[in-house]
Amino acid sequence: MTRRAFLGGTIGGAALCLSGTAATALVQVAELRGSIDATDLGLYPNASSDQSALFQDAVNRAAEKGRALFLPAGTYPVSNLNFPSGTLIVGIPGRTRLIYQGGGGLLATAKGVNNVGLNGITFDGANRSIGDQTDGLLHFIGVRQLTMQNCEVTGSSRTGLLMDRCSGRVTDCHVSGAAEAGIVSNEADGLALTGNVVTDCANGGIWVHRWSEGEDGTLVSGNRVERIGAKHGGTGQWGNGINVFRAHGVVISGNRIADCAFSAIRSNTGSNVQITGNSCLRSGEVAIYSEFAFQGAVISDNLIDGATTGVSIANFMQGGRLAVCSGNLIRNLTEVGPYPPEVAGFGIGIAAEADTTITGNVIEGAPRFGMLLGWGPYMRNLIASQNMLRDCGQGIAVTVVEGAGSAVISNNIVQGSRTGGINGYRWLDKATGELNGSTDWPNLTISGNQVAA
């Protein structure tokens, strides 16, 4: 066996046994075998002048030869790079830096190509102006099998990483300081966003959007999203950690999301969305939203600490329906939001309207309602069972407005509610006494609940 064959087998076998940083390092070593050193093509780090032409030539030559391009540590002043099919660029994480030179363009792009790989590179926008033809410091369009791993994107005057109609994966990357959103995907076709850190972006963290409703299937898992602002203001269009819009079949799992101006996770018209096992801390508005014309949402096993509302499953009037909300822990809510309260206001543990089961949740410290079931006539087929609600303003509020559909409220524990245990409401006005055990409302079945002071 040759030394090269032995090393190849050793690296490949070791990579299968490791995960995280160690596996990334071994994969990177494997990518360097047979690579072309950029200095051999006349591209040197730390040059004082713009290196765009030299850089582009080096990328093209490496891709033509079917080999990786290795970039030694240092800075590379460049702009308007274009990655062809088969591009594979490998740098030294944290030390190989491409610095955007401005001039009304962008740092790098690829369009209608296959198999673009970027590993261990920092893309620094230096907060310089990006041209009107794009919203991203990096903009990939119609790229099949885009792979970004262990990269950093920082200092974009617009969005950090923008992907239109792309497949592939972005993993173990750090995106920070974007003046708009950190990572934006439009019309994805088999994309995974995993293990990334997105911080200190002015308008959004991770966006999974479509221009028209359709199956998307993006996986958003294991990311850390923190300190997301809403510089454009509004009532929820901006300022969300993870935002889904018109994209169906998206899985959002195991993320840690903290200190967002609005929602930790907001799904608008996203059918068959799964929102599971996330940690949502100190959200400025509703922590987890499934809203507008969605059909199908699973919201389970999330931890929510600090928000104006824990979970909202809303907009039956516009077709929002069909959900499971189970096993969530919700606490430390507030009635103070980022704009004057509208509709039902703030300070609610879980709100739901249609074709939804709400089971096995624990809610503590919801100052207005522990649970709000329905809104005016907009209620159909709700089950609220085996939940624990403690130290809330009103325990469970259920609509009794004419035209409301059916609800079953059973086997819940409601303790320490200050203004009532289980009561009927007409919009925001209490319309009944305690409903536990019996009711004059034929559409409501209420039994087996434990209500205590």
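**Salt bridges and cysteines in a predicted model**

A salt bridge joins the side chains of E402 and R426, with an N to O distance of 2.8 Å. E402 lies in the loop between β40 (394-399) and β41 (407-410), while R426 belongs to strand β43 (residues 420-426), so this contact ties together parts that are 24 residues apart in sequence. The structure is a predicted model. Across the whole of it, a search finds 22 salt bridges, whereas the count of disulfides is 0.

**The E402–R426 pair**

- E402 counts as exposed, because its relative accessibility is 57%.
- R426 is partly exposed, with a relative accessible area of 32%.

- R256 and E226 form a salt bridge through their side chains, at 3.0 Å from N to O.
- This pair links distant parts of the chain: R256 is in strand β24 (residues 256-260) and E226 is in strand β21 (residues 224-228), 30 residues apart.
- The two partners fall into separate accessibility classes: R256 is partly exposed, with a relative accessible area of 28%, whereas E226 is buried, with a relative accessible area of 13%.
- Both residues belong to one network, in which salt bridges that share partners join D200, R224, E226, R227 and R256.

**The D355–R321 pair**

- A further salt bridge is formed by D355 and R321, whose closest N and O atoms are 2.8 Å apart.
- Distant parts of the chain are linked here as well, with D355 in strand β35 (residues 354-359) and R321 in strand β32 (residues 321-326), 34 residues apart.
- D355 is buried, with a relative accessible area of 13%.

**Cysteines**

- The model contains 0 disulfides, a result that rests on a cut-off of 2.5 Å between cysteine sulfur atoms.
- C280 is in no disulfide; the nearest cysteine sulfur, belonging to C260, is 8.6 Å away.
- C280 has 0% relative accessibility and so counts as buried.
- C392 is likewise in no disulfide, the nearest cysteine sulfur being that of C325, at 14 Å.
- With a relative accessibility of 0%, C392 also counts as buried.

Conventions: Residues are numbered from 1 along each chain as its sequence is written. This is a predicted model: local features need pLDDT of at least 70, side-chain atom pairs count only at pLDDT 80 or more; totals for chains, interfaces and linings use all residues. Side-chain values use heavy atoms; hydrogens and water are left out. Buried means under 20% relative accessible area, exposed over 50%, partly exposed in between (1.4 Å probe, protein chains only). A salt bridge is a side-chain nitrogen of Lys or Arg within 4 Å of a carboxyl oxygen of Asp or Glu. Helices (H or I, at least four residues) and strands (E, at least two) are DSSP runs, numbered from the N terminus.
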